[in-house]
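Dear colleague,

I am passing on the structure below, together with some notes on its helix packing and its ligand surroundings. Please read the notes with the model open beside them.

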Amino acid sequence: MKPARPAASHRNPATARIPRVPSANEFARRVAVVTGGSEGLGADLVRALVALGADVFFCASTRAKGQALATDLGRRAHFIQTDLSDPAAAQLFVEQAAGFRGRIDFLVNNAAIDPRIEFARATVEDFDRLIAVNLRPVFVVAQAALPALLAGTGRAIVNLITTNYMVGDTPFTLYNASKSGILGFTRSLARELGPRGIRVNAVSPGWIMTERQLREHVTARDRVALLAAQSLKFPLTEEHVTPLTLFLLSRSAGGIAGQNIVVDGGRVMQ
Ligand SMILES: NC(=O)c1ccc[n+]([C@@H]2O[C@H](COP(=O)([O-])OP(=O)(O)OC[C@H]3O[C@@H](n4cnc5c(N)ncnc54)[C@H](OP(=O)(O)O)[C@@H]3O)[C@@H](O)[C@H]2O)c1
């Protein structure tokens with residue numbers, strides 16, 4: 001016999017309010033911060049959030065692409081040129097976003113660089129640069145945003161990592177040191193902020209065919225090897241990653257915290 005469905009009065013009231021599919025409305029008039037949203041995955045996310053009615057604050061260390069995207073998207077896209085490797089500049093970026101409506105609903109730590117550096121040739125300066133751009137700002141930005149996140153209603157953080165450290169791709173020793181640090185950060189922060197109603201999760205993309213990757217890195221041989229390794233036999237683009245990030249930000253992911261979810265066409269299986 002099937003167990004009886006609990007009476008409405010016995011259901012968890014928090015669960016009852018969870019939309020079974022993410023609702024477009026829940027992003028409207030929210031304030032989102034996306035680091036490094038001038039191109040690639042970040043730009044696709046900025047576009048999606050603005051289309052859903054959010055005000056999006058995003059940054060990049062150079063001006064041209066971010067400014068052009070903001071102009072293209074209109075008044076809800078707020079580009080602030082910021083070099084996140086400077087902690088004071090990163091904090092100022094967050095303060096400007098928080099000052100807009102006195103709250104931040106969503107934070108996505110996306111900015112990163114991925115130089116290919118052979119281990120034997122890597123310098124201490126290379127190592128410090130990777131940490132300063134890829135890892136330290138995740139801490140600095142999240143901490144600066146905390147009071148505004150607590151004042152917001154979205155209350156979700158997503159950090160972009162990578163599957164690269166899971167498979168030990170080369171020559172990415174320094175990159176993977178910086179990115180895998182975000183995993184430990186994400187898990188502990190999820191435990192620390194969960195009791196305060198903030199969910200922290202991570203998204204780990206596989207190799208995504210962004211404009212920059214295609215321009216600077218992907219060879220015909222890489223393409224063949226990548227598709228051979230993936231379960232899904234087509235190249236992934238930004239559009240495959242953005243829906244997962246939006247889902248993790250949404251109230252539909254209200255029961256998910258401290259997770260690192262892979263979107264890589266089925267190469268890594270955790
Ligand atoms: N594409 C992939 O295959 C892939 C795979 C796995 C993980 N990921 C992760 O996904 C995220 C996005 O990657 P992507 O491929 O979209 O990168 P991307 O196309 O190179 O874009 C990176 C963004 O970060 C910004 N940025 C870089 N350094 C910065 C700094 N010091 N201060 C402020 N902004 C900075 C860049 O702008 P400026 O250059 O103007 O500073 C740009 O807007 C990264 O965390 C990356 O590690 C990507």
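**Helix packing and the ligand shell**

α5 and α7 are roughly parallel to each other, because angles under 35 degrees count as roughly parallel, whereas those over 145 count as roughly antiparallel, 65 to 115 as roughly perpendicular and the rest as oblique. This is a predicted model, in which local features need pLDDT of at least 70 and side-chain atom pairs count only at pLDDT 80 or more, while totals for chains, interfaces and linings use all residues. Residues are numbered from 1 along each chain as its sequence is written. Helices (H or I, at least four residues) and strands (E, at least two) are DSSP runs, numbered from the N terminus.

The axes of helix α5 (residues 124-151) and α7 come within 8 Å and cross at roughly 20°, where axes are lines fitted to C-alpha atoms, for helices over the stretch in contact, and angles run from 0 to 180 degrees between N-to-C directions. On the α5 side, D126, F127, L130, I131, N134, L135, V138, F139 and A142 meet L174, Y175, S178, K179, G181, I182, F185 and L189 of α7, contact being defined by C-beta atoms, placed from the backbone, that lie within 7 Å. By class, the contact of α5 with α7 has twelve nonpolar, three polar and two charged residues; Ala, Val, Leu, Ile, Met, Phe, Trp, Tyr, Cys and Pro count as nonpolar, Asp, Glu, Lys and Arg as charged, and the others, Gly among them, as polar.

A second pair is α2 and helix α10 (residues 238-249), which pack at an angle of about 55° with their axes 9 Å apart, and α2 and α10 are therefore oblique to each other. Their contact is formed by G40, L41, D44, L45 and A48 of α2 together with E238, E239, V241, T242, T245 and L246 of α10, and it has five nonpolar, three polar and three charged residues.

α2 also takes part in the shell around the ligand, to which it gives the most, with three residues. α2 (40-51), β2 (55-60) and α8 (211-216) each supply at least two residues of that shell. Of the 29 residues around the ligand (C-beta atom, placed from the backbone, within 6 Å of it), G36, G40, A60, S61 and A112 come nearest. The shell divides into twelve nonpolar, 13 polar and four charged residues.

Finally, T170 is found in the loop between α6 (164-167) and α7 (173-193).

Best regards

Methods:
Two residues are in contact if their C-beta atoms, placed from the backbone, lie within 7 Å.
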